[in-house]
Amino acid sequence: MDRFKKIRLNIGGMHCASCAVRIEDALKKIPGVKQAGVNYASEKVSIEYDSKKVTINDIEMVVKKQGYYMGENNSISEDHSHFGKIKKTNFFASLALGIPLLYLSMGMIFSLPSPALDSPLNFGFQILLCSLILLFNLSLYKSGISNLISLSPNMDSLVAVGTLTAYLYSLLGVAAFLFIKVPLPELYFESAAFILIFVSLGKYLEEVTKGKTSQAIKSLINLQPKKATLIKNGKQVLVSVNKLKKGDIVLVKPGEKIPIDGIIIEGYSSVDEKMITGESIPVEKNESDKVIGATINQTGSLTIEVAKVGEETMLAQIIKVVEEAMNSKAPIQQLADKVSFYFVPAVMVVAITSLLFWLTIGYSFSFAIITFVSVLIIACPCALGLATPTAVMMGSGIAANKGILIKSSRALELAEKINMVVFDKTGTLTEGRPEVQGVVEVGMKKKDILQLSLSLEEKSEHPLAKAVVEKAKEQGIRSLMVKNFLAIPGKGVSGEIEGRKVLVGTRGLLKETGINIKEIDKQAKELEKQGQTVVILSVDGGIAGIISIADQLKSSSRKAVEKLEKMGLNTALITGDNKTVGEVIAKKVGIDYVLAEVLPKQKASEIKKLQSEGKNVAMVGDGINDAPALAQADLGIALGSGTDIAIETGEIVLIKDDLLDVAEAIKISRYTLRKIKQNLFWAFIYNLIGIPIAAGILFPITGWLLNPAIAAAAMAFSSVSVVTNSLLMRRYS
């Protein structure tokens with residue numbers, strides 16, 4: 001049993017990107033934790049750890065020690081509405097108290113009837129209203145001050161210090177006015193209050209928009225039907241889908257959702273698989289065909305044997321992959337994380353420097369306080385933390401709805417750099433169902449050629465071998481007993497049949513074994529020029545016959561290559577066939593470059609060779625024997641084909657096996673990365689411009705100083721603008 005485990009858990013209490021970095025660093029320091037990544041946008045942590053050294057309780061204790069808590073529900077679909085309601089209440093309560101406070105502080109300026117600014121009634125009400133607003137935002141102070149005390153300040157620390165400074169300065173000013181009889185200084189109760197109002201609005205809007213970014217995965221989860229009609233002892237029983245087991249028989253009526261992955265044992269129907277594969281045209285289904293859970297049975301009744309349950313189902317695997325993608329970090333995010341980690345302490349230094357600078361050159365303490373508070377408030381590391389994950393969430397969701405699984409943020413970033421796409425031939429560009437096109441008699445009759453070939457090939461799993469077996473069995477030919485069977489990977493098979501040494505394989509294999517193929521060389525080359533693969537039968541060192549085999553190209557192959565060429569990408573074909581056959585296929589689909597006579601185990605080294613030449617390579621394969629090459633490539637794109645191995649090996653998985661989705665996957669990846677860069681640009685540029693203005697850099701030129709409340713409004717909407725830019729990705733088509 002593997003001692004290393006991977007889990008995803010909710011983290012509660014995060015207030016900005018620096019919180020996420022702090023938790024991540026603490027978790028990485030736990031002995032036995034191999035990898036930890038905290039996603040601020042989805043409020044989740046992904047951890048890989050040694051279960052013999054670390055427990056969930058250990059992880060939870062470290063999280064709590066940092067001042068945060070573990071959530072109860074560990075699904076990405078956790079509803080943000082609960083937190084949204086709390087933050088909505090805080091905002092509207094603060095706003096309701098803030099409006100009369102604003103009236104009291106500014107009514108006289110606009111000649112509105114209100115108590116005089118220096119009357120005890122006026123500033124008494126201001127103190128009461130501002131204090132109540134502080135209480136409604138008490139959680140912010142708990143987070144900000146506790147993090148400040150532990151020397152790891154976060155966004156809440158900036159707001160807490162800024163608003164408390166304005167509030168306490170105003171309180172002291174009132175006390176001095178009442179008891180020492182000094183002139184009443186300028187009061188900042190309304191500034192402290194409206195800073196909190198705008199911050200609470202920003203947090204509420206952020207919660208709402210973060211919830212929307214995970215809408216795609218929620219939609220996937222909601223696809224799963226809750227009930228199924230189980231056939232038990234000849235009776236139909238309505239049961240929960242969660243109670244189904246492998247081997248159970250279920251009935252699906254027209255118009256119903258197919259409850260689980262299975263195999264049709266009776267019936268015929270059209271099935272709408274759009275919600276899983278993105279394919280709009282219904283698929284005809286007969287007995288022995290596979291069906292996918294959550295797809296819709298349209299026309300006929302189907303009796304289905306349950307084949308996969310729980311996490312084994314296609315829908316569960318899709319959800320898992322999309323969750324992992326949403327929680328993974330793109331390399332570009334590391335820069336934002338580093339900036340966020342050092343950002344808050346740097347802002348505090350700038351704020352204190354600003355305060356001391358204006359005092360030193362002779363400005364009043366009241367003036368210096370405004371710059372100090374404005375700098376603290378306008379800074380927003382939240383925008384930096386949200387820039388990447390929100391775009392990744394949207395991009396992953398868009399792709400999933402089109403039947404494309406993008407498994408990691410890394411894949412999104414790599415896609416932009418790809419300049420060559422390498423296609424495997426069999427099962428990728430072709431249908432993967434080779435058929436015998438002809439049998440050429442050389443030293444034997446056609447029936448004998450097929451019988452000897454069948455006897456050896458039925459012991460092989462190679463697609464070409466299966467084509468020979470199917471052809472022989474179609475003609476009612478039976479196999480003979482074989483001794484000393486040997487399979488030579490990628491080349492052929494050999495053995496002894498009725499005392500004769502028999503070999504079936506490529507021209508290369510026959511040459512290696514010293515068999516003269518001159519007499520059939522011309523015929524073989526002619527067949528290869530037609531795009532057919534030649535398999536030669538040799539008996540006791542002589543040539544007995546030729547079998548020509550061809551695999552039909554997929555209808556989408558040529559269009560897929562054309563789309564990639566239009567995007568400026570080079571294309572290559574990798575095949576075990578000889579160069580002539582490879583070049584014929586490449587010409588038919590418009591591929592530039594051919595890598596021929598490549599054995600399965602050599603595919604990865606061929607990809608490596610291309611990379612050494614400066615190529616950034618995407619490998620497209622069926623995910624079975626292409627696994628090493630998919631792993632070696634800069635970007636592995638696996639065709640779904642319903643195989644678990646494809647989902648495991650490729651960084652991008654095309655569920656519906658449509659090669660046109662190769663270009664679509666790269667387009668979505670590029671589009672998502674473009675959005676990430678836009679978000680990071682605006683997040684960085686906002687702070688680069690906003691902080692100096694808040695510090696008063698424009699005051700000597702314009703005489704204008706940024707009001708702390710306006711700084712708070714700008715800070716609140718900077719995060720929302722970044723998330724909104726990501727949400728606009730929903731318009732992608």
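Helix H16 is mostly covered, with nine of its 12 residues buried. The structure described here is a predicted model. The buried residues of H16 are Ile449, Leu450, Gln451, Leu452, Ser453, Leu454, Ser455, Leu456 and Glu457. H16 spans residues 446-457. From its first C-alpha to its last, helix H16 reaches 16 Å, close to the 16 Å expected at 1.5 Å a residue.

A sheet is found in another part of the chain. Six strands form this open sheet, in the order E6-E5-E7-E13-E8-E11, and the pairing is antiparallel. Its edge strands are E6 (235-240) and E11 (290-291), each of which pairs on one side only. Strands of a sheet pair through backbone hydrogen bonds, either parallel or antiparallel. Strand E7 (residues 249-252) is joined to strand E13 (residues 302-306) by four bridges, and valine 250 stands opposite isoleucine 304 in E13. E13 also pairs with E8 in the antiparallel sense, over four bridges. In that pairing, glutamate 266 stands opposite threonine 303 in E13. Strand E8 (residues 262-266) is in turn joined to E11 by two bridges, and these two strands run antiparallel. Here glycine 262 stands opposite valine 291 in E11.

Aromatic contacts were examined next. A search of the whole structure finds 14 aromatic pairs. In one of them, the rings of tryptophan 358 and phenylalanine 367 have their centres 5.1 Å apart and their planes at 70°. The pair is classed as edge-to-face because the angle between the planes is over 60 degrees. Tryptophan 358 and phenylalanine 367 are both buried. Tryptophan 358 also pairs with phenylalanine 699: the ring centres are 6.0 Å apart and the planes lie at 85°, so this pair is edge-to-face. This second pair links distant parts of the chain, since tryptophan 358 lies in helix H11 (residues 331-360) and phenylalanine 699 in helix H26 (residues 699-702), 341 residues apart. Phenylalanine 699 is buried, as is tryptophan 358. Ring pairs link Phe357, Trp358, Tyr363, Phe367 and Phe699 into a cluster.

Charged side chains also form contacts. The count comes to 14 salt bridges. One of these joins the side chains of glutamate 60 and lysine 64, at 3.7 Å from N to O. Both residues lie in helix H2 (residues 56-65), four residues apart, about one turn of the helix. An α-helix has 3.6 residues a turn, so residues three or four places apart point the same way. Glutamate 60 has a relative accessible area of 24% and is therefore partly exposed.

Lysine 529 is exposed, with a relative accessible area of 55%, whereas glutamate 526, at 40%, counts as partly exposed. Salt bridges that share partners also join Arg507, Asp521, Lys525 and Glu528 into one network.

A further salt bridge is formed by lysine 491 and glutamate 512, whose closest N and O atoms are 2.8 Å apart. This pair links distant parts of the chain. Lysine 491 is in the loop between strand E17 (483-488) and strand E18 (492-497), while glutamate 512 is in helix H18 (residues 507-512), and the two are 21 residues apart. Lysine 491 is partly exposed, with a relative accessible area of 24%. Glutamate 512 counts as exposed because its relative accessibility is 53%, and the cut-off for exposed is over 50%.

The surface also carries a nonpolar patch. Leu121, Phe125, Leu128, Leu132, Leu135 and Leu138 form this patch, with about 540 Å² of accessible area together. Helix H4 (residues 120-136) supplies the largest share of the patch, five residues. Leucine 135 lies in helix H4 and is exposed, with a relative accessible area of 54%.

Serine 721, in helix H27 (residues 708-727), is partly exposed, with a relative accessible area of 41%. The C-alpha atom of serine 721 is separated by 8.7 Å from that of asparagine 679, although the two residues are 42 residues apart along the chain.

Conventions. Residues are numbered from 1 along each chain as its sequence is written. This is a predicted model: local features need pLDDT of at least 70, side-chain atom pairs count only at pLDDT 80 or more; totals for chains, interfaces and linings use all residues. Side-chain values use heavy atoms; hydrogens and water are left out. Patches are made of residues with over 30% relative accessible area and no salt bridge: like charges are joined within 9 Å, nonpolar side chains (Val, Leu, Ile, Met, Phe, Trp, Tyr) within 5 Å. Accessible areas come from the Shrake-Rupley method with a 1.4 Å probe; for residues, only the protein chains shown count as cover. A salt bridge is a side-chain nitrogen of Lys or Arg within 4 Å of a carboxyl oxygen of Asp or Glu. Buried means under 20% relative accessible area, exposed over 50%, partly exposed in between (1.4 Å probe, protein chains only). Two strands pair if DSSP finds at least two bridges between them. The expected span of a helix is 1.5 Å times one less than its number of residues. Rings of Phe, Tyr and Trp (its six-membered ring) pair if their centres lie within 6.5 Å; planes under 30 degrees apart count as stacked, over 60 as edge-to-face and the rest as tilted.
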